[in-house]
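Visitor: I am new to this structure and should like to be guided through it. May I put some questions to you once it is in view?

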Amino acid sequence: MLKVTKNAPQMAIIQLGQAFRNFFAGRAKHPTFRRKGVDDRFTITNDQFQVAGRRIRIPHLGWVRMREELRFSGKIVSATVSRIADRWFVAITVDTEDPPKRPAEHKGAVGVDLGVLALATLSTGERIVGPKALRRELRRLRRLSRSLSRKQKGSKNRAKAKNKVARLHARIANIRQDSLHQLTSDITRRFDVIGIEDLNLRGMVRNHHLARSIADMGFHEFRRQVEYKAARRGAAVVTADRFFPSSKLCSTCGVIQDEMPLTVRTWTCPACNTTHDWDLNAAINLARYAVSSTAYACGGEGSGGSHPTAVKPALLKQEVSIIHV
Ligand SMILES: [Zn+2]
């Protein structure tokens, strides 16, 4: 505590207070201790630091160069310094006016089916393939993880290997995050009503190990991004109930089929004999579901199990700008 500015432990205690308030309100789990070397970060308030161009003055460190200037103007609230692998970042919170609503293209409704092989399939028939680099990096990760596990505990070589794995994890996370941002920006720019699934159940069943955990992570992040970007554009996000049979429903005749093998890419409806692409069929069903439940919501009737996300207009909002230092 003596090595750092007194503001850093103060903020940690304030944040702990918030964590306990969230816990007692049932919004979060019980706070846990953080370990040194894992998720290292600290927050300082605006009276403790200064930003000038591409530099930031941090107590006990002095002026530190940043990769880019602060992108938002307004009252600076706080700064959080954090480390990911061997890189340092500062996230500066700024009170700004709401940015002007950018015009959407009003192309109507879309359903999005998130997959493992393809990143996403839209009800328009578009298939968005994930970044090619990802597969290669995942192979590298497996190799590096094996190499790490063979190193002797406490040795220099283990520390080096650990650092390599951490950097690769960060790189993979960046690649994924980038492709998700491109996807969610594209969808929210084009469509007014967006239908998504509650949970990526099929993705969970179909895949295993590493790919699964990563696809899983992507799903929650996808939903988070779609919701906040849609709110900015004034679009509605409809999350289908987890009992909605998006992939078992025939989008041509509406027959629900109970038992279906999970391994095939296509299936043929026994009632109308249409052969469907699995993902596209699910996306079309999600689009229809979204349209029908927003129509209900506007008519004031009960929509039965759908939750169109409310669009919150905020006069003042806090924008966080993360800058690599
Ligand atoms: Zn059918």
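Visitor: What percentage of the 325 residues in the protein chain is buried?
Guide: The model is a predicted one. Its protein chain has six helices and 15 strands. A residue counts as buried when its relative accessible area is under 20%. Across the 325 residues of the chain, the buried share is 36%.

Visitor: Among contacts between residues at least 6 apart in sequence, what percentage joins residues at least 24 apart?
Guide: A contact here means heavy atoms within 4.5 Å. Among the contacts in the protein chain that join residues at least 6 apart in sequence, the share that links residues at least 24 apart is 65%.

Visitor: Is Cys 272 buried, partly exposed or exposed?
Guide: Cys 250 lies in the loop between β11 (236-240) and β12 (266-268), and Cys 272, 22 residues apart from it, lies in the loop between β12 and β13 (275-277). Cys 250 has 2% relative accessibility and therefore counts as buried. Cys 272 has 30% relative accessibility, so its class is partly exposed.

Visitor: Which residues does Arg 41 touch, not counting residues up to four places away in sequence?
Guide: Arg 41 belongs to strand β1, and its relative accessible area of 42% makes it partly exposed. Its C-alpha atom is separated by 9.4 Å from that of Trp 88, 47 residues apart along the chain. Leaving out residues up to four places away in sequence, Arg 41 touches Arg 34, Thr 80, Val 81 and Ser 82.

Visitor: Why is strand β7 largely enclosed by the rest of the structure?
Guide: Strand β7 comprises residues 109-114. Three bridges join β7 to β10 (residues 193-197) in parallel, with Val 110 partnered by Ile 194. Three bridges also join β7 to β8 (residues 120-122), antiparallel, and there Asp 113 stands opposite Thr 121. The strand is largely enclosed because the number of its six residues that are buried is five.

Visitor: Which element supplies the largest share of the largest nonpolar core?
Guide: This core has 18 residues, and those touching the most other members are Val 110, Val 112, Leu 114, Leu 183, Ile 187, Ile 194 and Phe 222. At least two residues come from each of β7, β8, α3 (156-190), β10 and α5 (209-233). The largest share, four residues, is supplied by α5.

Visitor: Is Ala 230 buried or exposed?
Guide: Ala 230 is located in helix α5. Not counting residues up to four places away in sequence, it touches Thr 188, Ala 235 and Val 237. Ala 230 and Arg 189 are 41 residues apart in sequence, yet their C-alpha atoms are 8.2 Å apart. With a relative accessible area of 1%, Ala 230 is buried.

Visitor: Which residues of α2 are buried?
Guide: Helix α2 spans residues 132-150, and its end C-alpha atoms are 29 Å apart, which agrees with the 27 Å that its 19 residues should span. Its buried residues are Leu 134, Glu 137, Leu 138, Leu 141, Leu 144, Ser 147 and Leu 148.

Conventions:
Residues numbered from 1 in each chain as written. Predicted model: local features only at pLDDT ≥ 70, side-chain atom pairs only at ≥ 80, totals over all residues. Heavy atoms only, no water. Buried < 20%, exposed > 50% of the residue type's maximum accessible area, 1.4 Å probe, protein only. Pairing = 2+ DSSP bridges. Core = buried A, V, L, I, M, F, W, Y, C linked by side-chain atoms within 4.5 Å. Expected span 1.5 Å × (residues − 1).
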